[in-house]
Number of protein chains: 2
Amino acid sequence: MMETKISKAVIRRLPRYYRYLGDLLNNKVERISSNELSDKMKLTASQIRQDLNNFGGFGQQGYGYNVRYLHDEIGKILGLNETHNMIIIGAGNLASAIVRYDKFEQLGFPTIGMFDVNKDLFGTTINGIKVYSIDELDDFVKNNQIDIAALTLPKENAIEVANRLVSLGVKSIWNFTHIDLELNDDDVVIENVHLSDSLMRLSYEIASREKMTD
Amino acid sequence: MMETKISKAVIRRLPRYYRYLGDLLNNKVERISSNELSDKMKLTASQIRQDLNNFGGFGQQGYGYNVRYLHDEIGKILGLNETHNMIIIGAGNLASAIVRYDKFEQLGFPTIGMFDVNKDLFGTTINGIKVYSIDELDDFVKNNQIDIAALTLPKENAIEVANRLVSLGVKSIWNFTHIDLELNDDDVVIENVHLSDSLMRLSYEIASREKMTD
């Protein structure tokens, strides 16, 4: 059981640390000071020390951080030392983009099946991954270890399908439908992706710059 | 010129306020108390009052918030009272998903062209939007008002294309390539979308739940 609750802001930054440290590893960098990491991450060195202290530090005075160690420890904190099988509900463009992006599989999130209501897609494959009828979902989930279901279907069906997945024992939902999915089940983890929110933040920045130059 | 700098956390929440208030409008709700809004938003009523005070309040004691007024004011803060023309570089699955999602156009972000290096795509249309050769990019940007360029191309070409767009006068980049894009130009606004970060946050939550039940 975890002793302290880690703030959402820290958790939000962890994947970025992991990506940056992975880049350093690829460039054969073995150690880095918090100042150097600070330059790369656009965070203060003190912020970085605080962030990493949440997880027991990993830094050594006068040496800095061992890149591989820090990378692997953050990976473990993020659960990336385990494979998470994923299915995708809805086999449209977004699902195709997800299944074609090899990085997800490299990170330990292989997609092992896609599901749709469109008969024309049944039995086809995208990047080697088969599209099944949504009617086969129950059997598929019972016969395979499914850790994550990504929802890329129309929002009208999102709650019904999410509840069905949860009743089948799926514990994590990566939600791309255009609603904030909320289920009355504390055991289920939901990550909502709202591309329109991202676009609105961009728009906010554009509007702010325009104001500044008025 | 804005008087105070608004925190990133508040800005991050604004699109959610906008979406929720839009849902309320669709359901013909005319006013809402900060307590009711708090229930919907999963924020404390005090947090909501604080957030909205950043923008001059909008609430009235004993009445609550006028939904349409608050919706429209937040829309203005987000710059949604103006149309932002968008182009997409890379006409693959992710670009198709973006261009097929009508909501972006409804929010004032019409896509007016897509660009690719794949000859087979030149002249084809996706949801009525034409795919051009990347060689036509310069002329297109010179002849049209382009506010936002979405990058959905391989990361190897991202920086080169981003710099080219900036030199052509494009001021905002919605970056889906798998790098944190940084340009040495403070006039340019960049919103990085990292789907793998989102997946890692989900993975973190899964790992945390598992620890709790150990």
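Trainee: Is the crossing of H5(A) and H5(B) left-handed or right-handed?

Mentor: The crossing is left-handed, that is, the near helix is turned anticlockwise from the far one by less than a right angle. Helices here are DSSP runs (H or I, at least four residues), numbered from the N terminus. This is a predicted model, where local features need pLDDT of at least 70, side-chain atom pairs count only at pLDDT 80 or more, and totals for chains, interfaces and linings use all residues. Residues are numbered from 1 along each chain as its sequence is written, and chains are lettered from A in the order in which they are written.

Trainee: At what angle do H5(A) and H5(B) pack, and how far apart are their axes?

Mentor: The angle is about 155° and the axes are 8 Å apart, with axes fitted to C-alpha atoms over the stretch in contact and angles running from 0 to 180 degrees between N-to-C directions. That makes the pair roughly antiparallel (over 145 degrees).

Trainee: Which residues of H5(A) make the contact?

Mentor: A:Asn93, A:Leu94, A:Ser96, A:Ala97 and A:Arg100. Contact means C-beta atoms, placed from the backbone, within 7 Å.

Trainee: Other topic. How is chain B laid on chain A?

Mentor: By a turn of 180° and a shift of 0.0 Å along the axis, with an RMSD of 0.0 Å; the superposition is by least squares on C-alpha atoms of residues with pLDDT of at least 70 in both copies. The copies are thus related as by a two-fold rotation axis.

Trainee: Which residue of chain B comes closest to the rotation axis?

Mentor: B:Asn93, at 2.5 Å (C-alpha).

How values were computed. Helix = DSSP H or I, 4+ residues; strand = E, 2+ residues; numbered from the N terminus. Parallel < 35°, antiparallel > 145°, perpendicular 65-115°, else oblique. Contact = placed C-beta atoms within 7 Å.
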